[in-house]
Each structure stands twice: as structure tokens, then as C-alpha cells.
Amino acid sequence: MRKDNIMIAAGMAFLILCVQNIDCTSDKSTQEGTPWNYDYTRYHPVSEISDWMERVVTENPELVSSAVYGETFEGRNITYLKIGLGSEGVQKKAIWMDCGIHAREWIAPAFCQWFVKEILLHYKTDKKLNEMLKNMDFYVTPVLNVDGYMYSWINESTRLWRKSRSTPPEGCTCHGVDLNRNFNANWGTVGVSRDCCHNTYCGSGPMSEKEAQAVTQFVGSRVDQILCFLTIHSAGQLLLLPYGHPHISAPNYDELVAVGQAAAKAMKAVHGMDYRVGTSPEILYPNSGSSRDWARLMGIPFSYTFELRDKGEFGHLLPEEQIQPACEEAFEGARFIITYVHDKTFYNRTEIGAASVARAFWPTVLTSCLAIMYLL
Amino acid sequence: MRRPLCALWVFLVLLGDCLASPYRPETEPLDPEPHETNSIVELELPPELDGTMSDGELVPHHYPAQRAAKVAQHYLNTRHGSPFRWIELHRVNKASLEDLGQAGKKYYLEISLKEVISNTDLGQCSAEVLFSGEQDQRAPQVQCPCEGMQKLNTTAEEEALFQRLNSSDSPVSGSNIPDSYGHIAPEMKPLWHLGAAAASFVMLRESNESTLYNMAQVASITQLETENGQLRFKYHVLLHDMISQEILHWKLLVSWSPAGGVSVLQTEWQPKPAESTP
């Protein structure tokens, strides 16, 4: 009799372990929703990204639409993908994500594409994702600094371009403004150069650049709608929170740090990579005029700069073999923050770490049940 | 009787586990914040951050300790870097700062390091990094005895490379390493690492508390005539300074042999090339 009970207990324990390893909330077996033959593990020039965006919209009309919300200096469209369920004619809460504000940070546009791909692959079977897409719209701009990104693709000598491609101001001879110093957020005060030939040149005035104007106009008109502003960069493996100025602190600094640290933990769990969390003056350098700071100043409660891989070995020239792992970990970080923001808004839930508690709960119950049975 | 009941219980538990939503609404929320704006009316220019740090403990993951630790990394690569050895800072575990007045600022660090090519954990090392005072424009002085280096044995590969390059009829050359896609041809990897080790001499010398250097790329490398049993190369390297976000061009004359290690015989800073407007 005892031996039978042991066999049953062992069999059940094995079954439990197997089930634990099956992710029953996501379907990885189909490529449904994402354009065929698009390689998310390579870098793509603007023309390919634009084609991809069109296909994503055409092939997923119930989920994705796109719109042009501005123009670059050289007259190119700045386009977002709007991703959400049941969004027709409804003003929903929203998440903002932009990539490629700095031209040479190629992993950033790669991540925006990866992010969209993940949504397309899983939105039907991932309950949580599905719920969030019903409650919120995701505005994703795969390439914000289109002119700069295109310039960085011309040849090896242009690869490390950072700024926009606006023409030199009076009395100076170099092109471009650092778009992430050009926003109206303590503009021109710290961490900038007034020399137009420098890579942190903040421009002739706040929002002098059309790319910064586009974001300001679109996001600025939806401040009450937008819950979370994520701007994607490389490199350094950092999660930066407002503000870049050393003398001011966001009112929800503690919460931003706690959520950021939990997101970094989620990122580390994927491939073991450390991401440091803090304000720019704490962990990197003081700066002003960043889009992240502007968003927070406008009242968007959650605003983060993601600095993706790596820590200096390859820097901005991140090998294509690292696109997948870099995007996988970044996705977990972004998902964590977005889920937190969603749950706080819609359920007033703000505890961090409850997920792991829930996951441990059921196996513990079952093990106790088996133990009790064995002893009886 | 017991078995069917138990099986039913197991089934229910499995079902519950599968359907369990990831969050449970029990605990109190953090302070819910309404949308708040911070309006800045007036802003005075901040004081120079360099001069206002006080003595004592530093937060390891904050920038002052991180910049000093990077300097220790550069130092280690000048001593131990080679075509088959590249040392990278993994983490800063502990840091403190001593203000020596005119003599400068001295950082005491506990850092963990990794040799990247063989993926060897070099364990923890102590480092002292002295940045000279404002009067003195000297390079930082570093002490970093690191027992973990003894784990490394790259003699065989280095000898093989040395022989190959020394006896080859055509001197080796290359450009844009890595290329725009981050790719490096396998046969160029050792020369990329050699370039990084050579660049470390410049990065070390040029570092101060307001810089954070990494080598961005080997723009070009050309092998020259071997001299005094040392292979010699002309390197054009691009350094990236994280703080200014600038790319700095340096031309280096480098010599190397397995026994002699890496030496940098000449360095020449190149002004930024004129913008190409295609």
C-alpha cells in the first residue's frame, strides 16, 4: 500500500514539474502576424523598416495602424505604429516608445521592431498582453531620427554619426543637433555643448529641431492619455530615470527607482546581464534637454531611457549575433514596466514581486498535499 | 476512495497553476501619485561636480566609482592585454575616495574582472586610482595587483600568431574592425584585441574624472617591418568618450611580441576629419 502511494506521489511530482515548464499562456509555434521573411536578428536600413511597417499594418488591420506625426529636417516622414485592440474611435490610455533618436545606436531601432514582433506573435494567446492591448494603445516609433539613421548607413565613415542632419547655424560649420539635448527640459543648462561641431550640441534653442517638435506636439497633446514614455538608446546597459539635472528630483523618484530595479532584475534573469538603474547624474553624467526629462516634466509619471548593450567592448557597433539576446532582455524590462504601469492604472495594484510569489504558491500547496497523504 | 480524491485535487491544483494570473491584489499599494508637474522657473548653473565630492564611501554603481574603475581596466590592459587577452570590468563592488588636496583625488576600489576571450572570471581585485590635481596634468596613476591574472595562459596562441605574422610574405592589413554590423573576420580578431590593448595606453593617459573611454573601432591597421624581434604595426583607432560623446582619432605605432608584451612607441592625435557631405 505504501509503495503504491510512493509511486503515485512520484508520478504526480514528475507531472507537476513537467507542467511547470510548459508556458501555457503563450504560443511560440506560429509566425502568425509577423511579416514572413523578415529577419529581426539583422540591422535594417530605413527603406526596409518602412516596408516592414507597411506590411505589419496591412497584415494586422485589427491590431495595428500607422500615422505620420512629423517631418525630419530633410523632409522625411516620422511614423509611428499604433498597436491596440478595439481602438477605433476610442481615446485610450497609451504607452509611448521611440527608438533611434541617436543615429548610430542601431540596436535601438532593432529593438522597436523586435518589440512589435513579440506583440504580433503573442497577443492572441498571452492573456495579460491581450488585456493590456485592450486597455491601452502602444505608440511605437521604430526610427525617430530618420535623417541621422540614413546618414549612418552611407558608409563606414558615417557609421558613428549621432545627431540630426540640420544645416549648420550662422557662424558655425557643422551639421546636426543632439536631439536628446534639444527638448524643452532645463534646455541648455548642463551636459551640453554650444559648439555646433560637438556631439552634444543642444541646438540654437529648445525644440529647434523638427524631430523634437514632432514628439513634443504629438505626445504633448496627449499627456493625460500617456502613462509611460520609454526612449530606447545604446550603449551602457543602464536604465535612466528623470531628471538629468543634478538639482531636481522627480516627485515619484522612489517609485521610479523601485520599478526600474525590478525591471533590471527581470532583464538580468534572461541572459545574466547587469543593468544599472538611477538618474543620469547619479550613474552616468548630468544632462539637460532630454526627451525623457521633458516627458516627466509634462506630467507623464513613468519615463525611462533604456541604454541597451553593451558596456564598451563593441559599444555602438554591437554585432548582429547579439541582437536577439539584447532584444530578449530589453523586452522583459520594457514589459515589466508597462505591466506595472497598466496594473497601477487599471487595478491600483503596485506591489512588485507578486508574480514570483504566485508562481511558488501552487506547487507548495501540492507538495504539502502529497506530504500529508504520504504520512496519513 | 483516497486515490480518486487525490487525483481530483491534483487536477484542480494543476488547473489553478496554469490559469493563475501573475498578480495578487493583497498588499497595500505604494503612494499613488496623481499626474504632477515640476515646473522650473529659474535655474542657476550647477557647481562643478568634480570639486564637490566629499571624502569617504562612494556608491559603487554611481559614475565616479565607475569612471575610476574603467581607468583601472585600461591600466590592466596595458600590462596584460594582448591579441588573446582582453580584460573587462565586470562590476564595482566597493569604492571610496580620498581627497589629497593638491596631490589629487585617490579612489580605492574593489572590482571584479573578466577576461573576455576565454571567458575567465578573474575574481576580485583591489585597485587604487590617483587622478592628479588641477595644477598637474599627469596621467592617472594606478595600482592594481590582481592575482587572477595568473589564471591566464595564452602563450601557445601568441607564439603561433607571432610566427605566422613574422614569417608571412605579405604584411597584414585591415580596416573598419568591427564593421558597421559589428562583424569581425576571425583572422582579424587578435589584431582587434591588440589594437584595443594599444589603445588602452592612450585611454589611460588621457583619462580624468570627466572622461569614460572605450575603443570604438580599429579604423585601420597595417603591419610594418619587424624590428628587434618585435612585430610592428601602424594603427588608426577611434576612441569613444562617453561623457562628451565624441569620437577621437588616434594614430599609434605599436610593437608586440609574446615575450615583450604590447608597447606603444608613438601616438598622434588626429583632428576630426572634415564632414563628408554626400
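**Helix over the sheet.** I started with helix H4 (residues 189-206) of chain B, which lies across S6, strand S7 (213-227), S8, S9 and S10 of chain B and runs at about 115° to S7(B). Contact here means heavy atoms within 4.5 Å. Angles run from 0 to 180 degrees between N-to-C directions, with axes fitted to C-alpha atoms, for helices over the stretch in contact. Helices (H or I, at least four residues) and strands (E, at least two) are DSSP runs, numbered from the N terminus.

Ground rules, before I go on: this is a predicted model, where local features need pLDDT of at least 70 and side-chain atom pairs count only at pLDDT 80 or more, while totals for chains, interfaces and linings use all residues. Residues are numbered from 1 along each chain as its sequence is written, chains are lettered from A and ligands numbered from 1 in the order written, and side-chain values use heavy atoms, leaving out hydrogens and water.

**The sheet itself.** I traced an open sheet of 5 strands in chain B, order S6-S7-S8-S9-S10, with antiparallel pairing; a pair needs at least two DSSP bridges between the strands. Its edge strands are S6 (173-177) and S10 (261-270) of chain B, each pairing on one side only. Neighbouring strands of this sheet are turned by 20° against each other on average, ignoring direction. I then looked at S8 (residues 230-241) and S9 (residues 246-257) of chain B, and found 11 bridges joining this antiparallel pair. Asp241(B) has Glu246(B) as its bridge partner in S9(B).

**Rings.** I get 27 aromatic pairs over all chains, counting Phe, Tyr and Trp rings (the six-membered one for Trp) with centres within 6.5 Å; planes under 30 degrees apart are stacked, over 60 edge-to-face, the rest tilted. Trp106(A) and Tyr181(B) are edge-to-face, because their planes stand at 65°, with ring centres 5.9 Å apart. That pair crosses between chains, from the loop between strand S3 (93-99) and helix H3 (107-122) of chain A to the loop between S6 and H4 of chain B. Buried or exposed? Trp106(A) is buried at 1% relative accessible area, and Tyr181(B) is partly exposed at 29%. The cut-offs are under 20% for buried, over 50% for exposed and partly exposed in between (1.4 Å probe, protein chains only).

Next I checked Phe115(A) and Phe138(A), a tilted pair with 6.1 Å between centres and 35° between planes. Both are buried.

**Charge over rings.** I found the charged end of Lys117(A) over the ring of Trp114(A), 3.2 Å from its centre, and over the ring of Tyr40(A), 5.5 Å from its centre. The test wants NZ of Lys or CZ of Arg within 6 Å of the ring centre and within 35 degrees of the ring normal.
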